[in-house]
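Dear colleague,

Please find below the structure that I am handing over to you, followed by an account of what was found in it.

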Amino acid sequence: MDARRQSSLDEVEERFVALAEGRLTRDEVDRWAARWVADDGHDWDDTSWWALSLLHGIDLPAPESGGYLHDDEQVRAWLAELRKRRAM
């Protein structure tokens with residue numbers, strides 16, 4: 001990530017894809033998104049902010065189950081929703 005420029009929606013979508021395909025871990029994706037969410041110096045469109053907000057916290061554990069609060073099926077559904085929003 002170049003700290004001087006804002007991440008693109010393509011890069012945000014690529015993080016969803018990489019997570020869904022197992023190329024990046026939930027921790028890696030969460031840390032990447034957290035840097036963008038915490039930086040007040042950028043102006044995000046609604047779709048980008050929605051997607052970043054989902055990725056930030058993607059590694060939250062589910063109480064009692066030992067899994068994640070948002071399972072792989074939900075991640076894939078969010079990716080599909082992101083693609084739908086981009087097509088509008």
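Aspartate 39 counts as partly exposed because its relative accessibility is 32%, where buried means under 20% relative accessible area, exposed over 50% and partly exposed in between, with a 1.4 Å probe and protein chains only. This aspartate is found in the loop between H2 and H3; helices (H or I, at least four residues) are DSSP runs, numbered from the N terminus. Between the C-alpha atoms of aspartate 39 and glycine 66, which are 27 residues apart along the chain, the separation is 31 Å.

Please note that this is a predicted model, in which local features need pLDDT of at least 70 and side-chain atom pairs count only at pLDDT 80 or more, while totals for chains, interfaces and linings use all residues. Residues are numbered from 1 along each chain as its sequence is written, and side-chain values use heavy atoms, with hydrogens and water left out.

The axes of helix H1 (residues 9-21) and helix H2 (residues 26-38) come within 10 Å and cross at roughly 165 degrees. Axes here are lines fitted to C-alpha atoms, for helices over the stretch in contact, and angles run from 0 to 180 degrees between N-to-C directions. H1 and H2 are therefore roughly antiparallel to each other, the cut-offs being under 35 degrees for roughly parallel, over 145 for roughly antiparallel, 65 to 115 for roughly perpendicular, and oblique for the rest. H1 passes H2 in a left-handed crossing, that is, one in which the near helix is turned anticlockwise from the far one by less than a right angle. Glu11, Val12, Arg15 and Leu19 of H1 make the contact with Arg26, Val29 and Trp32 of H2, contact meaning heavy atoms within 4.5 Å. By class, this contact of H1 with H2 has 4 nonpolar, no polar and 3 charged residues. In this scheme Ala, Val, Leu, Ile, Met, Phe, Trp, Tyr, Cys and Pro count as nonpolar, Asp, Glu, Lys and Arg as charged, and the others, Gly among them, as polar.

With helix H4 (residues 72-87), the axis of H1 comes within 9 Å and the crossing is at roughly 155 degrees. H1 and H4 are therefore roughly antiparallel to each other, and their crossing is left-handed. On the H1 side the contact involves Leu9, Asp10, Glu13, Phe16, Val17, Leu19 and Ala20, which meet Val75, Arg76, Trp78, Leu79, Leu82, Arg83 and Arg86 in H4. The residues of the contact of H1 with H4 comprise 9 nonpolar, no polar and 5 charged.

Glutamate 13 is buried, with a relative accessible area of 14%. Not counting residues up to four places away in sequence, glutamate 13 touches Leu79, Leu82, Arg83 and Arg86.

H1 also packs against H3, at an angle of about 30 degrees and with the axes 10 Å apart. H1 and H3 are therefore roughly parallel to each other, and H1 passes H3 in a left-handed crossing. Leu9, Val12, Arg15 and Phe16 in H1 meet Thr47, Ser48, Ala51, Leu52, Leu54 and Leu55 in H3. This contact of H1 with H3 divides into 7 nonpolar, 2 polar and 1 charged residues.

Helix H3 (residues 46-55) has 7 of its 10 residues buried, so it is largely enclosed by the rest of the structure. The buried residues are Thr47, Ser48, Trp50, Ala51, Leu52, Leu54 and Leu55, and what covers them includes H1, H2 and H4.

The aromatic residues form a further topic. Rings of Phe, Tyr and Trp (its six-membered ring) pair if their centres lie within 6.5 Å, with planes under 30 degrees apart counted as stacked, over 60 as edge-to-face and the rest as tilted. By this rule the count comes to 2 aromatic pairs. Tryptophan 32 and tryptophan 36 form an edge-to-face pair, at 6.4 Å centre to centre with 70 degrees between the planes. Both lie in helix H2, 4 residues apart, about one turn of the helix. Tryptophan 36 and tryptophan 44 form an edge-to-face pair at 5.6 Å centre to centre, with 85 degrees between the planes. Tryptophan 32 and tryptophan 36 are buried, as is tryptophan 44. Trp32, Trp36 and Trp44 form one aromatic cluster.

Finally, glutamate 64 lies in the loop between H3 and H4 and is exposed, with a relative accessible area of 88%. Although it is not a glycine, glutamate 64 has a positive phi of about 70 degrees.

With kind regards

How values were computed: Helices (H or I, at least four residues) and strands (E, at least two) are DSSP runs, numbered from the N terminus.
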